[in-house]
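This report considers strand pairing first, then a loop position, and finally the aromatic side chains.

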Amino acid sequence: MNRVNSKRYPNTICDVVWQRKQFSWTHDGLSDRPGKNIIEQRAWERAGYVTSLVLHDWAFGKKDAVKAATHYHADYIVPYWASSYTKVAQVGNHIFYRK
């Protein structure tokens, strides 16, 4: 949602998600549909639940837990861009940044 709100990114959720090489799963060559196994089904359901929470909070102007961050990564990697952004939050093993 922070990218949707930023002038530096597209104006819709779908356009942000599918922007070239922004999210690794959009260009990994694998199917984007959940599989039939219970683990993938539960992950899909959990993603839907988190999405509904985020959209609800955004719609009602609730506090932004990641402080306007537009970038993130897991704590076990260090992407090339991390040093040029400001770390603003950490949620679990994900670190969030903004310009």
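## Strand pairing

Two strands are taken to pair if DSSP finds at least two bridges between them. In this predicted model, strand 2 and strand 3 (residues 94-98) are joined by five bridges in the antiparallel sense, and within this pairing glutamine 90 stands opposite isoleucine 95 of strand 3.

The open sheet consists of three strands in the order 1-3-2, with antiparallel pairing. Its edges are formed by strand 1 (71-74) and strand 2 (86-91), each of which pairs on one side only, and the twist from one strand to the next averages 25 degrees.

## Glutamine 19

Glutamine 19 is placed in the loop between helix 2 (13-18) and helix 3 (38-59), and it is partly exposed because its relative accessible area is 26%. Leaving aside residues up to four places away in sequence, glutamine 19 touches Tyr9 and Pro10. Its C-alpha atom is separated by 17 Å from that of alanine 69, which is 50 residues apart from it along the chain.

## Aromatic side chains

Five aromatic pairs are found in the whole structure. Among them, tryptophan 18 and tryptophan 25 have ring centres 5.4 Å apart and planes at 75 degrees, so this pair is edge-to-face; tryptophan 18 is partly exposed at 46% relative accessibility, and tryptophan 25 is partly exposed at 39%.

The pair of tryptophan 81 and tyrosine 85 is also edge-to-face, because the ring centres are 5.5 Å apart and the planes lie at 80 degrees. Tryptophan 81 is buried, with a relative accessible area of 15%, and tyrosine 85 counts as buried at 15% relative accessibility. Lysine 99 lies over the face of tyrosine 85, at 4.3 Å from the ring centre. One aromatic cluster is formed by Phe23, Tyr72 and Phe96.

Note on methods:
Residues numbered from 1 in each chain as written. Predicted model: local features only at pLDDT ≥ 70, side-chain atom pairs only at ≥ 80, totals over all residues. Heavy atoms only, no water. Helix = DSSP H or I, 4+ residues; strand = E, 2+ residues; numbered from the N terminus. Axes fitted to C-alpha atoms, helices over the stretch in contact; angles between N-to-C directions. Buried < 20%, exposed > 50% of the residue type's maximum accessible area, 1.4 Å probe, protein only. Contact = heavy atoms within 4.5 Å. Phe/Tyr/Trp six-rings, centres within 6.5 Å; stacked < 30°, edge-to-face > 60°. Lys NZ or Arg CZ within 6 Å of the ring centre and 35° of its normal.
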